[in-house]
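Here are my notes on the model. They take the ligand shells, a sheet and the domains in turn.

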Amino acid sequence: MALQRLQIQHCRVFSSLINNQLHLRRNQSVLATPDENPRILITGGLGQLGTGLAKILREKYGKDNVIMSDILKPSKEVVEAGPYIFADILDFKCLQEMVVTYRIDWLIHFSALLSAVGEQNVPLAIRVNIEGLHNVMELAKQYRLRIFVPSTIGAFGPESPRNPTPNLTIQRPKTIYGVSKVHGELLGEYYHHKFGLDFRCLRFPGVISSDTNPGGGTTDYAVQIFHDALKTRQFQCYLKPDTRLPMMYITDALRSLCEFMALPPEALKQRTYNVTAMSFTPEEIVRSVQRHVPDLKVTYAPDSRQQIADSWPQVFDDSEARAEWNWKPQYDIDGMVDIMVDALRPKYQI
Ligand SMILES: NC(=O)c1ccc[n+]([C@@H]2O[C@H](COP(=O)([O-])OP(=O)(O)OC[C@H]3O[C@@H](n4cnc5c(N)ncnc54)[C@H](O)[C@@H]3O)[C@@H](O)[C@H]2O)c1
Ligand SMILES: C[C@@H](O)[C@H](N)C(=O)O
């Protein structure tokens, strides 16, 4: 099948003579963001969120209707699961070729450097998180795509109310990650008002999952604790024991995204919503994990991530998502810990 032959390929420059406006006119009728059977492109698809989302969307919309892209070498499992294409988010032509070739309707933009790694390489974070965003936003405008760009609790700063942090409040983040996310929120809303772009954005808290390694965030201690507890029964936490942060189990996070993306445009009163499920501190998750691993020993050695965490929301107010499109999480801290331990226990054979 032609589609299968295209699964792994380096993107070629489609044509130096492509006229974007001509494409826009030709494709307007066929790329009309259908709600029932959209063709979906996920950028940064091999990360923590993309891996799980592709499975859900492929079950719902069909394997060949969900195109994964990233700059990482894919595993055999990824290749066999459906179309995967190498695509650097900084390469506009490459992204454009994917959108045209696969007749994409929805673009889920996950390529990013997260908060802690972003602080280690600010120029790269600016390129990937801001220039990359400009590329996908422009593509979505030109080809009339429905576009999802995740934001984060990291889009707030110490001047924001931290307990709780409402949907609309002052945003003065102190990381390049947060600055790039506020830029994304504002640019998306601007494109929506100016050009009618169907831009959608959820601000996620720390997401906890078992099937991929997290990509260098400040909340990732809440994933690492499971691996260390099951493997060595010892865990060193880089945050202080009483650092409270909003969190969410991945099943809830991805369900919120799928429900939000499936809403008809007229059902949305706003374009950017807070979503969350729980808030806890390191000492609270330690107690919950100790229900399964009673001899777990924990030490605390705060590092530069403490300063980031101290500037972020402690409790996230997602009442507007709950009221306006019925968002409701299913996992609390103990429910999340039970499922994480069940999922990871076989890996460490205890
Ligand atoms: N995981 C969380 O806790 C969380 C919380 C809030 C928001 N988010 C947001 O969700 C999105 C996905 O997060 P994640 O946890 O899956 O991150 P991740 O770090 O696991 O994945 C990001 C992916 O982007 C890819 N990438 C990096 N540079 C790229 C480039 N030049 N071109 C193309 N791809 C590139 C990486 O290879 C990686 O697979 C991000 O925008 C992140 O800010 C995540
Ligand atoms: C919170 C979220 O954006 C990510 N997990 C980070 O800590 O950077």
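This is a predicted model: local features need pLDDT of at least 70, side-chain atom pairs count only at pLDDT 80 or more; totals for chains, interfaces and linings use all residues.

1. α3 spans 48-61. Strand β8 (206-208) also supplies at least two residues of that shell.

2. Which residues come nearest to ligand 1? They are G44, G47, S111, A112 and G215, out of 26 residues around the ligand. By class, the shell has 13 nonpolar and 11 polar residues. Two charged residues complete the count.

3. Ligand 2 has its own surroundings. L114 and S115 belong to them, as do T152, I153 and G154. Y177 and G206 are also there, along with G217, T218 and T219. Seven residues of this shell are polar and three are nonpolar. No charged residue takes part in the shell around ligand 2.

4. Look next at the sheet that contains β8. Three strands form an open sheet, in the order β8-β10-β12. The pairing is mixed. β8 and β12 (278-280) are the edge strands, each pairing on one side only. On average, neighbouring strands of this sheet are turned by 45 degrees against each other, direction ignored.

5. In what sense do β8 and β10 pair? The sense is parallel, over three bridges. Strand β10 covers residues 245-249. I208 stands opposite Y249 in β10. As a general point, strands of a sheet pair through backbone hydrogen bonds, either parallel or antiparallel.

6. The domain division deserves a check against the display. Domain 1 is made of 7-12, 22-208 and 249-274. Domain 2 is made of 221-247, 277-314 and 332-345.

7. How many residues does each domain put into the contact? Domain 1 gives 18 residues and domain 2 gives 15 residues. On the side of domain 1 that touches domain 2, α6 (115-120) and β8 are the elements giving two or more residues. The residues of that side divide into seven nonpolar, eight polar and three charged.

8. Keep β8 in view when reading these points together. It supplies at least two residues of the shell around ligand 1.

Notes: Residues are numbered from 1 along each chain as its sequence is written. Chains are lettered from A and ligands numbered from 1 in the order in which they are written. A residue is near a molecule or strand if its C-beta atom, placed from the backbone, lies within 6 Å of it. Helices (H or I, at least four residues) and strands (E, at least two) are DSSP runs, numbered from the N terminus. Ala, Val, Leu, Ile, Met, Phe, Trp, Tyr, Cys and Pro count as nonpolar, Asp, Glu, Lys and Arg as charged, and the others, Gly among them, as polar. Two strands pair if DSSP finds at least two bridges between them. Axes are lines fitted to C-alpha atoms, for helices over the stretch in contact, and angles run from 0 to 180 degrees between N-to-C directions. Domain bounds come from an automatic or database domain assignment. Two residues are in contact if their C-beta atoms, placed from the backbone, lie within 7 Å.
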